[in-house]
Amino acid sequence: MNSTPDDESQAVIEAMSTMPMGALNDKMGVVLVEMTADRIVATMPVEGNQQPYGLLHGGASVVLAETLGSMGSAIHAHPMDKVAVGVDINATHHRSATSGLVTGVATPVHRGRSSACWEVVITDERGKRVCTSRITCALVPKASLGM
């Protein structure tokens, strides 16, 4: 499912890659590593994002996944004069992470006219899969949101 971004999509990618990630992502230490129309990668520290037993909090994994999938959906939606709005996300937690960085890699499952779906695989520093998530976004006309 490779695509070559047009000039407008490339401009969106460049603009998004220099934008602040937002307060929640800042608090969680999410750092954007790579962004293309077909792949978005970011890291997040385990430290500071743990549940009481010292394991990476499952909700932290979901935040990372939603961030990456939403960014990919936004890149796809922009040339259609639409915005991406999350409507569903799920996560399967495979193993725990207790230290270091986790890396999320988002790749598209479906990119349509009214929805986009991305798979996000989160791995630990050893490359072991920690979490698999899927996010679906509705692609809504900007005008319907008063934009």
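Let's start with valine 105, which sits in strand β4. This is a predicted model, and β4 belongs to an open sheet of 6 strands with antiparallel pairing. Helix α3 packs on that sheet, and α3 also gives the largest share of the lining of the largest pocket.

**Around valine 105**
- Leaving aside residues up to four places away in sequence, valine 105 touches Arg39, Ile40, Val41, Leu68, Glu119, Val120 and Val121.
- Threonine 123 is 18 residues from valine 105 along the chain, and the C-alpha atoms of the two are separated by 8.5 Å.

**The sheet**
- Read across the sheet, the strand order is β1-β2-β4-β5-β6-β3.
- β1 (31–35) and β3 (82–93) are the edge strands; each has a single partner strand, so one side of each has no neighbour in the sheet.
- From one strand to the next, the twist averages 25°.
- The partner of β3 is β6 (residues 129–141), running antiparallel to β3 and joined to it by 11 bridges.

- Helix α3 covers residues 58–77 and touches β1, β2 (40–45), β3, β4 (101–111), β5 (115–123) and β6.
- The direction of α3 makes about 145° with that of β3.

**The largest pocket**
- Its volume comes to about 260 Å³.
- Lining the largest pocket are Met16, Met19, Pro20, Met21, Asn25, Glu66, Thr67, Ser70, Met71, Ala74 and Ala84.
- Helix α3 supplies 5 residues of this lining, the largest share.
- By residue type, the lining splits into 7 nonpolar, 3 polar and 1 charged.

**What the record says**
- An unreviewed UniProt entry annotates residues 53–131 as "domain: Thioesterase".
- In the model, that span is 25% helix and 44% strand, and the C-alpha atoms at the ends of residues 53–131 lie 18 Å apart.

Conventions: Residues numbered from 1 in each chain as written. Predicted model: local features only at pLDDT ≥ 70, side-chain atom pairs only at ≥ 80, totals over all residues. Heavy atoms only, no water. Pairing = 2+ DSSP bridges. Helix = DSSP H or I, 4+ residues; strand = E, 2+ residues; numbered from the N terminus. Axes fitted to C-alpha atoms, helices over the stretch in contact; angles between N-to-C directions. Contact = heavy atoms within 4.5 Å. 1 Å grid on protein atoms, 1.4 Å probe; cavity = no way out; pocket = protein on both sides within 12 Å on 5 of 7 lines; lining within 4 Å. Points joined across faces, edges and corners; volume = space filled by probe spheres on them. Nonpolar A, V, L, I, M, F, W, Y, C, P; charged D, E, K, R; others polar. UniProt positions renumbered as here; feature names shortened; annotations may be inferred.
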